[in-house]
Amino acid sequence: MKSPARRMSDSRRRSGEHASFDEVDRQILDLLQERDRPVAVLAEEVGLSQTPCWRRVRRLEEAGVIRGRVALVDHKRAGVPMIIFIGITAPRHEISWLNHFRELIETIPEVVEAYRLTGSTDYIMKVMVPDIEAFDQVYKAMIERLEFSQINSSIAMEELKFTTAVPTTYLTPPVVEPEGEAG
């Protein structure tokens, strides 16, 4: 039977929390974040043969570093050009309220991102809608189902930067053991 510390270590390894990655792993991630591509093309771009490249991609997936592969949809061409950020202050800080809030936002497809924050605003959400009338419907659906202390909405006027790419410079480098100490 594994000790609790050993079980925690195993789960961290699977989650990628303490897994180590090298420069080739970073290159693979950077290229895949730019656009998906066949393993043969990816392998050529990072200077590996296909099988080792595929193994590295699988290891990144198994470590949870790569969570999935999706198509990036242009929100304007998909008919939802308006982006609204909603700051929410909860009426009370209780787990039951938080759970109801989570359930609520899961049922509203226009809510594309949501975060719990520190500071005077408790939560922030990113909402995509076609127009102000659709936003009003989202707003009414929210206040109909849950009590809020305060809701502040800000309409994005211009997108200055948008990326789904995560910085890879903070990946843990591989541990290099001094010569003669490998066991």
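This is a predicted model: local features need pLDDT of at least 70, side-chain atom pairs count only at pLDDT 80 or more; totals for chains, interfaces and linings use all residues.
I take contact to mean heavy atoms within 4.5 Å.

**Entry 1: α2 against α4**

I looked up which residues bring α2 and α4 together. From α2 I noted V24, D25, I28, L29 and L32, and on the α4 side they meet C53, R56, V57, R59 and L60. Sorted by class, this contact of α2 with α4 holds seven nonpolar and three charged residues, with no polar ones. I then checked the geometry: the axes of α2 and α4 are 11 Å apart, and the packing angle is about 80°. Because angles of 65 to 115 degrees count as roughly perpendicular, I wrote down α2 as roughly perpendicular to α4.

**Entry 2: α3 against α4**

Next I turned to α3, residues 39-46, and its packing on α4, residues 50-62. Here I found an angle of about 100° and axes 9 Å apart, so α3 also goes into my notes as roughly perpendicular to α4. V39, A40, L42, A43 and V46 are the α3 residues in this contact, and they meet Q50, C53, W54 and V57 of α4. I sorted these by class too: the contact of α3 with α4 has eight nonpolar residues, one polar and no charged.

Is R37 buried or exposed? I find R37 buried, because its relative accessibility is 5% and the cut-off for buried is under 20%. R37 sits in the loop that links α2 (23-34) to α3. I followed its side chain to two backbone oxygens: the one of L31 is reached at 2.8 Å, and the one of R35 lies 3.2 Å from a polar side-chain atom of R37. Setting aside neighbours within four places in sequence, I listed L31, L32, L42 and E45 as the contacts of R37.

**Entry 3: the cores**

I went looking for nonpolar cores. The largest one has 20 residues, and I marked I88, W97, F101, M125, M142 and F148 as those with the most contacts inside it. Which elements give two or more residues to this core? I noted β1 (82-89), α5 (95-106), β3 (123-129) and α6 (132-145). The biggest share comes from α5, with five residues.

**Entry 4: T163**

I then moved on to T163, in the segment after β4 (150-155). T163 counts as partly exposed, because its relative accessibility is 44%. A polar atom of its side chain lies 2.9 Å from the backbone nitrogen of A165. I also checked T163 against E34: they are 129 residues apart in sequence, yet 9.3 Å apart in space, C-alpha to C-alpha.

**Entry 5: the whole chain**

To finish, I stepped back to the chain. I counted six helices and four strands, and from the N terminus on I read their order as α-α-α-α-β-α-β-β-α-β. The chain has 183 residues, of which 27% count as buried. How many of the contacts between residues at least 6 apart in sequence join residues at least 24 apart? I noted 67% for the chain.

Definitions and conventions: Residues are numbered from 1 along each chain as its sequence is written. Side-chain values use heavy atoms; hydrogens and water are left out. Axes are lines fitted to C-alpha atoms, for helices over the stretch in contact, and angles run from 0 to 180 degrees between N-to-C directions. Angles under 35 degrees count as roughly parallel, over 145 as roughly antiparallel, 65 to 115 as roughly perpendicular and the rest as oblique. Ala, Val, Leu, Ile, Met, Phe, Trp, Tyr, Cys and Pro count as nonpolar, Asp, Glu, Lys and Arg as charged, and the others, Gly among them, as polar. A nonpolar core is a set of buried Ala, Val, Leu, Ile, Met, Phe, Trp, Tyr and Cys residues joined through side-chain atoms within 4.5 Å. Buried means under 20% relative accessible area, exposed over 50%, partly exposed in between (1.4 Å probe, protein chains only). A polar contact is a pair of N or O atoms within 3.5 Å; within protein, one must be able to donate a hydrogen and the other to accept it, and residues adjacent in sequence count only if both atoms are side-chain atoms.
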